[in-house]
Structures are given as structure tokens and as C-alpha cells.
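Hi there,

Here is the structure I promised to pass on. Have a look at it first, and then read on for what turned up in it.

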Amino acid sequence: MLFQVGGQGTRPTFFEMAAAQQLPASLRAALTYSFGVLALRRPFLHRVLDYEDEFYALLMLVLETHSLRTTDASFSESLYGLRRRAVKIQAKKDDAQSSSGDGIHHSGLEKRQKVLSVVFLAVFPYLKSKLYSIYNKEREARLQASLWGHGDERFDGTDYIDGGEVSPVSRGNLDRDVSIRTRMMTRIHKIIGACYPWLHASSEGASFAYQLLYLLDATGFYSVGLHALGIHVCRATGQELMDTNSRISKIRSHERERLRGPPWLKALQGALLSCMYTALDYAQTGLIAAVFFFKMMEWWYQSAEERMSAPTVYPTPPPPPLPKVAEEGIPLPPDRTICPLCSQKRANPSVVTVSGFVFCYTCIFKYVSQYKRCPITLMPATVDHIRRLFHDI
């Protein structure tokens, strides 16, 4: 399944490189969507979705390693007929240099470059996704703390330890270890939450700069990783495309010759190698076609599937947590039917949408018009945030 998008010469066009770079993200989205649809019928697949980053990183690690070993290209680059070549710059002063590409020569990838390519293609994206997950959770925690205050910290994991009678010394050591670990993880998460936006902006800015320079033909490196590894991505020649299968056969036959042991053990190892190679071939050549075929079929039967699986009555969502009462705010009366401002039974009850507390319409309108805030939580508010309640009608 090899494609040539267009252009002349060995240098790929910008659109070929962009398509090859975006293919892993599109593949991950398609796989996640497919597993999500299948999980509606097979609940055990939810475990795969819980560890989505790990499963996808392992899949890409296997595919990228196999692809770089056999074709000198990443999984997505091999599908577009591209190959990776090591850059060797040789300075020459003769006049014949102008016809040899300004001293830039390409050669096959070294083992070190293949290993580092796998790191850039599979390991770094996994780490980036985990950092983004931590940053997103930390951002949500800060937002929730700013709106509702910190959660009740009285419930610690040590309160639920059920192990019979534990001595005070052991329980104290355990509590201290748990508290130290919790503080360390909290501190690490806060550091990641503060540093991730700058790291992400720097990474995206460098990628954009390299892509712009590649589009303007000012550099031969499409990304920072390729420049750090000293690798150019080139179009595969016709002879290279024809020799790929023979190269794979030679690698596999060489590995079978290296098997050691009794004949029955060598036969068993050879059968296992054949099964592994067959699985890799099917995964590399049929993964994208199978996923997008499934998406087409799912789109075709989408309306019928929604009618069959969609519930008629959805469960009631849980109520949001109570907002944090400010220390300088007006205290809440014990009776919920009393207005906190006038201490009388509410007349024309109205709610302040920023906090959710209910007052008399006249009282809250005068207070918000004068102070521009909620009287209980002291959160900024305007008269546009006041809504009349009609539950008593």
C-alpha cells in the first residue's frame, strides 16, 4: 500500500510530509472511536480505553520498530513511499561540486538513528500525552478550587485501611509515608501544570518554524527531531520499492539461521517467528484500511444503531457541589425559605446564577446593583445574572 502524492525529484513536497505526520493522529482517533463503539456491546473493552495512551504507544512502538528495520522509514512514511536517509555534509572546493548537491550526500540509517527515531516517533508522543493529561487535571483542579473551594481533605486514604489492630508507631509511619508521597506528587503535578504551557508553546513554535522553512525550501529538515537526528526524508526510488520485499525476506531468513537448539526447538521458534511476522504484516498493511472501512460501515448504520442503543430516559445527573461561602459574606440562615438579606420569608424568589443562592428579588436586585457581587460568596455578579424562580406558582 504505497502512494506517490506528486512532485519531481527525491525531495518530498510539503503536503506529502504533512500527510505522513498527521496520519498517526488520525489513526489514533479512528482506533479510539472504533473501540468506543465496540465497547457499547462489549463492556470489557472499556479497560482498553482506560489505558488508551499505553496501548497506542505499545502498538506504535512495534509498528515503528518493524517499519524502520525493514524499510528505513516510519510507519506512515512507508505508506506514502518515503524513506529516511542519513545526511552527510562534505565540504569540497572544486568546481564540480555544484552538480553534487552542495556537498550533501545521503546514506542508509545507522542503528543508533533507527533507535532514536523510534524514541521520537513512539516514546516522546506518549510522554507528551501523559504530560497533557496531568496538566489538564491540574488546570481543572485549580478552576474548581477557585470556584468552589478545596474539597474536604478529612477523608484520607489511611482512614480506610482495614488490617486489624495496628500499633500507633506503625500507623504513624504509614501516615507519614503516605503524606510525603502525596505532597511529592502534588508538587510534581503543580510543576508540570506551570511548565507545560511553555514547553508546549516552544515545541509547537519550533515545529511551525521548521515547517515554514521547509515550505520555503530553506531547509531540508521537516521537523526538529529530524534535524537533531541528521535525517532527510526522501522519496523511495523504483528500485528501492522493488527491493523492499527481497530485503524483508533476507532479514527473516537470516534470523531463522541464527536459531540455536535441537531441531524441534528450532522448528518451534521458526513457527513463532513466522506467526509474529505474519501478524506484523497484517497490522502494517491492513490496519488503516480496516479502521476506515469500519468507520464507513458505522456511518452507514449510524441511525439504526442510535435508535437501538440510545436510552429513552437518561439518569438524573448529580447536583454540583455547594459553592464556597466567603468569610466576609453574609451567613446562611438555618431555614432555607428565609432570605439571607432581609431575614424574612422570601418574596418573589430569585437566584444568582454565579453562585446558586436564592433571595428576594427586591433584596438581591438592590444589593447586586450597588455592590456588583453575590452577598454570600462575594463572586462578581450583575443584574443580568438574576433569574426569577416560578416553583411556587
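The largest pocket has a lining of 41 residues, and Gln21, Phe120, Phe124, Pro125 and Lys128 are the ones nearest its centre. Before going further, please note that this is a predicted model, in which local features need pLDDT of at least 70 and side-chain atom pairs count only at pLDDT 80 or more, while totals for chains, interfaces and linings use all residues. Residues are numbered from 1 along each chain as its sequence is written, and side-chain values use heavy atoms, with hydrogens and water left out.

Back to the pocket. A pocket here is an open set of points on a 1 Å grid over the protein atoms alone, where a 1.4 Å probe fits, with protein on both sides within 12 Å along at least five of seven lines; lining residues have an atom within 4 Å of a point. The volume of the largest pocket is about 1500 Å³, taken as the space filled by probe spheres set on the points. Helix H5 (111–148) gives the largest share of its lining, eleven residues. Helices are DSSP runs of H or I with at least four residues, strands are runs of E with at least two, and both are numbered from the N terminus. The lining divides into 23 nonpolar, eleven polar and seven charged residues (nonpolar: Ala, Val, Leu, Ile, Met, Phe, Trp, Tyr, Cys and Pro; charged: Asp, Glu, Lys and Arg; polar: the others, Gly among them).

Next, the rings. There are eight aromatic pairs in the structure (ring centres of Phe, Tyr or the six-membered ring of Trp within 6.5 Å; planes under 30 degrees apart are stacked, over 60 edge-to-face, the rest tilted). Phe14 and Phe15 make an edge-to-face pair, 5.8 Å centre to centre with 80° between the planes. The charged end of Arg11 sits over the Tyr214 ring, 3.9 Å from its centre (CZ of Arg or NZ of Lys within 6 Å of the ring centre and within 35 degrees of the ring normal).

Finally, the strands. S4 (residues 349–352) is covered on both faces, with Pro349 and Val351 buried on one side and Ser350 and Val352 on the other (buried is under 20% relative accessible area, exposed over 50%, partly exposed in between, with a 1.4 Å probe and protein chains only). S4 runs antiparallel to S5 (residues 358–360), joined by three bridges (pairing needs at least two DSSP bridges). Ser350 stands opposite Phe359 in S5 and opposite Arg388 in S6.

Best wishes
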